[in-house]
Amino acid sequence: MPPFLTPRLLVALAAAGSAAVLIAALIFQALGFPPCDLCVLQRWPHLVAAVLGGLMVLLRLPMAFAGFGALACLTTAGFGLYHSGVERHIFAGPDSCTSNPISSLSAQDLMAQISAAPLVRCDEIAWQVLGITMPNLNAALSLIFAGLWIAAFLSDRAARR
């Protein structure tokens with residue numbers, strides 16, 4: 001690993017990456033792409049990783065905390081992969097934000113379901129470029145950030161030997 005990529009710099013890069021993903025999500029939301037339940041769920045681990053990384057850099061916390069940053073990024077990557085599968089109808093999503101079969105519902109039950117339904121569905125692709133959706137990007141970037149967290153931990157450990 002290049003000598004300028006210190007463990008603290010790797011943590012800072014991973015935390016900045018998570019913060020950038022959060023900022024981008026908020027910008028998309030401000031531009032008229034409201035988040036579904038799964039989108040919001042993917043934001044929380046990034047918040048944890050960004051705050052943890054900031055604290056590690058500012059307070060010079062032990063590099064052992066990098067494992068929690070990696071875990072947060074792997075968690076949101078998992079959510080992103082799951083959301084990607086829901087968008088592509090590979091598997092069912094949560095009842096709170098996907099559509100269910102309606103053939104067995106009465107008119108009253110159907111109206112109640114429509115009234116209770118969220119405005120944004122998890123099983124519809126809200127935005128994509130070249131077939132790549134926001135959950136796809138989140139999963140890929142989160143795996144990269146997890147790699148940075150792990151590299152920070154391992155390089156700190158190797159330097160201490």
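## Salt bridges

Asp-123 and Arg-121 are joined by a salt bridge, with 3.0 Å between their closest N and O atoms. This pair belongs to a predicted model, and a search of the whole structure finds three salt bridges. Asp-123 is buried, because its relative accessibility is 7% and the cut-off for buried is under 20%. Arg-121, at 31% relative accessibility, counts as partly exposed.

Arg-121 also meets the side chain of Glu-124 in a salt bridge, at 3.3 Å from N to O. Glu-124 is partly exposed, with a relative accessible area of 44%. Another salt bridge links Asp-156 to Arg-160, and here the closest N and O atoms are 3.0 Å apart. Asp-156 has a relative accessibility of 15% and so counts as buried, whereas Arg-160 is exposed, with a relative accessible area of 65%. Through shared partners, salt bridges connect Arg-121, Asp-123 and Glu-124 into one network. Side chains of opposite charge can pair when their charged atoms come close.

Helix α1 covers residues 7-30 and contains Gly-17. Gly-17 has a relative accessible area of 10%, so this residue is buried.

The axes of α1 and α2 are 8 Å apart, and the two helices pack at an angle of about 140 degrees. They are therefore oblique to each other, since an angle has to be over 145 degrees to count as roughly antiparallel. The crossing of α1 and α2 is left-handed.

## Helices α2 and α3

Helix α3 spans residues 66-87, and its axis comes within 9 Å of the axis of α2, crossing at roughly 165 degrees. α2 and α3 are therefore roughly antiparallel to each other. Their crossing is left-handed.

## A nonpolar surface patch

Which residues make the nonpolar surface patch of about 700 Å²? Its members are Val-40, Trp-44, Leu-47, Val-51, Leu-55, Leu-58 and Leu-59. Val-40 lies in helix α2, which runs over residues 37-59.

Is Val-40 buried, partly exposed or exposed? Val-40 counts as partly exposed because its relative accessibility is 33%. A patch takes in residues with over 30% relative accessible area, so Val-40, at 33%, passes that cut-off.

Notes: Residues are numbered from 1 along each chain as its sequence is written. This is a predicted model: local features need pLDDT of at least 70, side-chain atom pairs count only at pLDDT 80 or more; totals for chains, interfaces and linings use all residues. Side-chain values use heavy atoms; hydrogens and water are left out. Patches are made of residues with over 30% relative accessible area and no salt bridge: like charges are joined within 9 Å, nonpolar side chains (Val, Leu, Ile, Met, Phe, Trp, Tyr) within 5 Å. Accessible areas come from the Shrake-Rupley method with a 1.4 Å probe; for residues, only the protein chains shown count as cover. A salt bridge is a side-chain nitrogen of Lys or Arg within 4 Å of a carboxyl oxygen of Asp or Glu. Helices (H or I, at least four residues) and strands (E, at least two) are DSSP runs, numbered from the N terminus. Buried means under 20% relative accessible area, exposed over 50%, partly exposed in between (1.4 Å probe, protein chains only). Axes are lines fitted to C-alpha atoms, for helices over the stretch in contact, and angles run from 0 to 180 degrees between N-to-C directions. Angles under 35 degrees count as roughly parallel, over 145 as roughly antiparallel, 65 to 115 as roughly perpendicular and the rest as oblique. A crossing is left-handed if the near helix is turned anticlockwise from the far one by less than a right angle, and right-handed if clockwise.
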